Each structure stands twice: as structure tokens, then as C-alpha cells.
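Have the sequence and the 3D view open side by side, and let's walk through it together.

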Amino acid sequence: MTPSSENRIKKIDGCYTMKTTIVYAHPWDGSFNNAVLKVAEKAAGDYELIDLYADEFNPVMSKAELEVYARGKSLDPLVEKYNRILDDTDRIIFIFPIWWYDMPAIMRGFLDKVMLEGSAYTTGAAVLSPIRDISQTYIFTTSSTPTDVLVDTFGDPIHNAMISATFRIVGFQNAVWRNLGAIDASTPQERQEFLDEVKRILEP
């Protein structure tokens with residue numbers, strides 16, 4: 001833990017609490033992902049919500065944005081806002097559906113546009129190194145595909161691309177992933193058990 005992250009941790013009623021950021025990506029309030037979000041919000045304590053669809057975040061990198069991206073800059077005010085939030089984050093929670101065996105485009109665009117050089121990472125001798133020290137990372141997803149098929153047949157995209165590569169480089173540490181696979185065929189009991197697990201993982 002860095003000195004700056006130590007300063008962000010608050011002691012309330014004898015217990016230390018961490019500043020949590022929730023990054024949420026689902027367009028429909030009636031989705032199961034929204035139910036996961038509500039559980040996470042209750043369990044998170046002191047948190048900030050980045051709701052990509054509600055914010056109307058544009059995941060597309062324009063030509064003008066690409067021209068300044070290499071200098072660690074952005075033309076999108078939301079990118080600047082999100083980076084300020086991440087600078088004040090000790091624990092990060094991602095909630096999104098898995099579509100076509102990967103994250104939604106809006107979540108991919110969040111990583112593409114917001115993880116800026118000089119804010120998220122530094123470059124030296126062809127090695128990317130994290131700037132932030134976000135000590136706890138949680139990823140809660142849903143998929144029509146069974147989880148074991150995602151992992152064994154489709155290359156385990158969350159662990160291999162997201163956790164082992166991108167998150168390692170930008171300082172999102174100690175990642176834990178939970179997925180409710182085959183959600184279309186899931187029972188009310190299975191969905192409730194998943195929500196209970198989210199609560200159990202996130203509560204102090």
C-alpha cells in the first residue's frame with residue numbers, strides 16, 4: 001500500500017474503510033447486472049459509481065483523441081473525471097455482462113480511453129509499469145455461456161486478457177472474478193446464491 005492510499009483509508013467506529021469505485025456497464029435497469037449493482041452498492045461502504053451507460057460515455061476513440069492519447073491526454077471530459085475518481089480509489093469493482101465471449105464495447109472503451117499514460121501507467125525500456133496502487137479488484141459478470149465453456153473453450157478472456165495483462169499493468173491488484181454463467185437457464189435460487197456471494201465477498 002502506498003502512502004497516498006493509506007491517507008485515503010478512513011477509520012470509522014474503530015474499523016478501517018476503503019474508498020471504493022464501482023464501474024458498471026449495463027443499459028437496462030431491469031437486468032440481473034443491476035441487481036448485482038444494488039448489492040454491491042450496499043456492501044461497498046464509501047463508494048463512487050461510474051455508470052458508463054447512464055453517463056453516455058462514448059467508447060469510440062476518435063482521430064482527434066488518438067492524436068493526443070500518446071501524450072497521456074484526452075479530449076473527453078468524462079475521461080478526465082474518471083481518472084480523478086480512480087486517483088482516489090483503493091478498491092475497484094467491475095460489473096458487466098459478457099457478450100460474444102468478451103466485455104461489452106463500452107467497457108472495452110473505458111479501458112482503452114481512460115487508462116492513460118502518466119495517469120495509469122508509465123513507459124520505460126519497453127516495459128509498462130503501474131502508477132496507481134488499487135489493492136483490491138473485483139469483477140462480477142454474467143454470461144449466457146456456461147463459465148467452464150468461457151474458460152476452457154473460449155480462452156478465459158477475463159483472466160487472460162483483463163486480469164493478467166491490462167489490470168496488472170494499470171495497478172488493479174489481487175483481482176477476484178465471479179461469473180454467473182448460463183444465466184438464461186439459471187434458477188431464482190442460483191441467482192440469489194450469486195447475489196449472496198457478491199455480498200459476502202464485498203462486506204468487511
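We'll start with the sheet, move on to the helices and cores, and then stop at a few single residues.

First, some ground rules: this is a predicted model, where local features need pLDDT of at least 70 and side-chain atom pairs count only at pLDDT 80 or more, while totals for chains, interfaces and linings use all residues. Residues are numbered from 1 along each chain as its sequence is written, and side-chain values use heavy atoms, with hydrogens and water left out.

Let's begin with the sheet. Helices (H or I, at least four residues) and strands (E, at least two) are DSSP runs, numbered from the N terminus. Two strands pair if DSSP finds at least two bridges between them. With that in hand, look for an open sheet of 5 strands, in the order 4-3-5-8-9, with parallel pairing. At its edges sit strand 4 (47–51) and strand 9 (175–180), each pairing on one side only. On average, neighbouring strands of this sheet are turned by 15° against each other, direction ignored. (Axes are lines fitted to C-alpha atoms, for helices over the stretch in contact, and angles run from 0 to 180 degrees between N-to-C directions.)

Inside this sheet, strand 3 and strand 5 pair in the parallel sense over 5 bridges. Zoom in on Thr 20, found in strand 3, which stands opposite Arg 91 in strand 5. Is Thr 20 buried or exposed? Its relative accessible area is 0%, so Thr 20 is buried (buried means under 20%, exposed over 50%, partly exposed in between, with a 1.4 Å probe and protein chains only). The side chains of Thr 20 and Arg 91 also make a polar contact, at 2.9 Å. Such a contact is a pair of N or O atoms within 3.5 Å; within protein, one must be able to donate a hydrogen and the other to accept it, and residues adjacent in sequence count only if both atoms are side-chain atoms.

There is an antiparallel pair to find too: 4 bridges join strand 6 (residues 121–124) to strand 7 (residues 127–130). Gly 124 stands opposite Val 127 there. Their hairpin has 2 residues between the strands, and Ala 125 in it takes a positive phi near 50°.

Now for the helices. Helix 8 (residues 188–202) lies across strand 5, strand 8 (136–143) and strand 9, running at about 165° to strand 9. Elsewhere, the axes of helix 4 and helix 5 come within 10 Å and cross at roughly 80°. The two helices are therefore roughly perpendicular to each other (angles under 35 degrees count as roughly parallel, over 145 as roughly antiparallel, 65 to 115 as roughly perpendicular and the rest as oblique). Where do they meet? Val 79, Tyr 82, Asn 83 and Leu 86 in helix 4 meet Phe 110, Lys 113 and Val 114 in helix 5; contact means heavy atoms within 4.5 Å.

Next, the inside. A nonpolar core is a set of buried Ala, Val, Leu, Ile, Met, Phe, Trp, Tyr and Cys residues joined through side-chain atoms within 4.5 Å. The largest one has 35 residues, of which Leu 52, Phe 94, Phe 96 and Phe 110 touch the most other members. Helix 4 (77–87), strand 5 (91–98), helix 5 (105–114) and helix 7 (157–170) each supply at least two residues of this core, and helix 7 gives the most, with 6 residues. Apart from it lies another core of 19 residues, among them Ile 22, Val 39, Ala 44 and Ile 95.

Finally, some loops. His 26 is in the one between strand 3 (20–24) and helix 2 (32–44), and counts as buried at 12% relative accessibility. The side chain of His 26 has a polar atom 3.1 Å from the backbone nitrogen of Trp 28, and makes a polar contact with the side chain of Ser 31 at 3.5 Å.

Glu 56, in the loop between strand 4 and helix 3 (63–69), counts as exposed at 69% relative accessibility. Its phi is near 55°, a positive value in a residue other than glycine. Trp 100, in the loop between strand 5 and helix 5, is exposed with a relative accessible area of 78%. Here phi is positive as well, at about 50°, although Trp 100 is not a glycine.
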